[in-house]
Amino acid sequence: MAMLLRKVWGSVLTRAAPLPGPAASSPRGRRAPPAEYYASLSMGTLDAVPTDVLVQILRLLGPADAARTSAVCRAWRILASDNDLWAFFLRLGPEPWDLVVFAETHLASSPASDPRLYYNNRPQLSFKQIYGLRAVVPGSVIVDGGSGYCKYGWSKYAAPSGRCATLMEFGNIESPMYARLRLFFSTVYTRMQVKPSTQPIIVVLPLCHSDDTEPARASRKQYKETLYSVLFDMNVPAVCAVNQAVLALYASKRTSGIIVHIGFNVTSVVPIFQGRVMHEIGVETVGQGALKLTGFLKELMQRRNISCESPYTVRTIKEKLCYVAADYEAELRKDTQASCEVDGEGWFTLSEERFKTAEILFQPHIGGMRAMGLHKAVSLCMDHCYNSEVVGDDSWYKTVVLAGGSSCLPGLPDTM
C-alpha cells in the first residue's frame, strides 16, 4: 500500500506549480485577494476527498514525502503543516512524547532566564519546525561525571556506552585542572571513536562545592570556565554543562522542586527553582551514600559468616534483595528470608539484612554513624525554602524527586 501511494504521489509532485506571488495591493493600501489566491486553495479532483483521509495518506507517506507536498499548492502546504500531523511523526520517534513537549516548552528557552515560565504553560509550537531541527541535530555526546564513576554515551540511546574514573579523579591529582580535564575528555572521545569537532556535548556536573560561600562560588565558576576552555580548545561545536540535580529534576518533567540525590559517597538534598540550584537557601548533605550502604551490608553479612570479598558482588546482592521497610520494628518480627544468585559467585541468602541495610538512611545510628536522617534533611530543606520566601507561591518546593541508583530501592518513595 505504501509503495502504491508513493507512485501516485510522485505523479502529483511532478505537476507541482509554483506558489502564486503576493496579492496586488488595492489603491487604498489593503491587499485584495485575487482569483489566483482562491484557486490555490483548491486541490482539483482531490477536493472531493475528505480532509481526514488526506491526512491519513500523509501519515502513511512519512515525514519526508509529507514535507514535499508543501510545494504542490497553498492548500497542500496548509495541510502538510498541520500540527497534529507532525506531532504524530514525533510520537513515532525514540523519545517519549511528554518529554518532547516538556523540552520544547520549558528547556528550549532556558527556564532559569524566564521567571514567567511554569510547567502548565504550553505555548503554541510548530511541531513541523521542531521535527526538522531534531532531524538536523539528532543527538549529542553525554558525559555524566558522577561521584563514584563517570558514564558516557549518546543521547539517542537509553543507556551509557561505557564508564571510567570521575572527572575529579582522572590523571595526576597534582597536575593542573586544565591538563587533567584535557586528558579526561581525550580519553572519552577516543573510547567513543568520535571526533570532538563533529558532535555537541552535554557535560553533567557532579554535586560538589555546594555551599553558598565565596570560596565555593569561586570553585564552581573556575571549574566551569576551565571545562569550557578545554572543550572549545578541542574544537567542540557546542557545550552544555548542567548540574546533576537539575537534570534529574528535568527528567521528571519539572523545573522547580527538591532533589534527593543518593550519590556514591554522600546524599544531597538540593532545592531548585526554575532550573537554578538555590545555593543561598542551602544544600543539605548527609553522609549515607551508596558506598556506605554497600559497606554496611557487607558488615551485616560478615556477622552471619557470609563470606563475600568482592564489592561488586555485595552491590549486586544489595540491588537484588534489599528494600526499605515501611515499619522497621514490625519488619523485625517477620520472616524476610530470600535468596539470589550472583554470576560466578553462587547463591546468597539474607534475612534481616535485606531491610537493615537501607534503614541507615533514616536511622544512621544503626550503622554507627552520627548523621541526620534523610527524612529530617528533606524536612529541614523545606523549612529553609519556606523561610526564604523566594516567591509568593510555596508549592514549588513541595515536589520531591528521588535520584541516584540507590533511590531505586523498593519501598523508599513510600517511606519518604
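This is a predicted model: local features need pLDDT of at least 70, side-chain atom pairs count only at pLDDT 80 or more; totals for chains, interfaces and linings use all residues.
Let's begin on the inside. In soluble globular proteins, nonpolar side chains tend to be buried together. Here, the largest nonpolar core has 39 residues. Which residues have the most contacts inside this core? They are Met301 and Ile317. Several elements give two or more residues to the core: strands β6 (257-262), β7 (267-273), β10 (338-342) and β11 (346-350), along with helices α12 (290-303), α13 (311-321) and α16 (374-388).

If you'd like to find Met301 on the screen, look for its partners. Setting aside neighbours within four places in sequence, Met301 is in contact with Ile306, Cys308, Ile317, Phe348 and Leu350. There is also a second, separate core, made of 24 residues. Among them are Val143, Cys150, Leu205 and Ala241.

Now for the threonine. Thr267 sits in strand β7. Is Thr267 buried or exposed? Thr267 counts as buried, because its relative accessibility is 1% and the cut-off for buried is under 20%. Its side chain reaches the backbone oxygen of Gln288 at 2.5 Å. Not counting residues up to four places away in sequence, Thr267 touches Val260, His261, Ile262, Glu284, Thr285, Val286, Gln288, Gly289 and Leu374.

Let's turn to charged pairs. How many salt bridges are there? The count comes to eleven, and I'll show you a few.

Take Glu214 and Arg217, whose side chains meet in a salt bridge with N to O at 2.8 Å. Both residues lie in helix α10 (residues 214-233), three residues apart, which is about one turn of the helix. Glu214 is exposed, with a relative accessible area of 54%, while Arg217 is partly exposed at 35%.

Next comes Arg276, which forms a salt bridge with Glu280; the closest N and O atoms are 2.8 Å apart. Arg276 counts as partly exposed at 41% relative accessibility, and Glu280 counts as partly exposed at 43%.

My last pair is Glu331 and Lys334, a salt bridge with the closest N and O atoms 3.5 Å apart. Here Glu331 counts as buried, because its relative accessibility is 11% and buried means under 20%.

To recap, we have seen a core of 39 residues, a separate one of 24, the buried Thr267 and a few of the eleven salt bridges.

Technical notes: Residues are numbered from 1 along each chain as its sequence is written. Side-chain values use heavy atoms; hydrogens and water are left out. A nonpolar core is a set of buried Ala, Val, Leu, Ile, Met, Phe, Trp, Tyr and Cys residues joined through side-chain atoms within 4.5 Å. Buried means under 20% relative accessible area, exposed over 50%, partly exposed in between (1.4 Å probe, protein chains only). Helices (H or I, at least four residues) and strands (E, at least two) are DSSP runs, numbered from the N terminus. Contact means heavy atoms within 4.5 Å. A polar contact is a pair of N or O atoms within 3.5 Å; within protein, one must be able to donate a hydrogen and the other to accept it, and residues adjacent in sequence count only if both atoms are side-chain atoms. A salt bridge is a side-chain nitrogen of Lys or Arg within 4 Å of a carboxyl oxygen of Asp or Glu.
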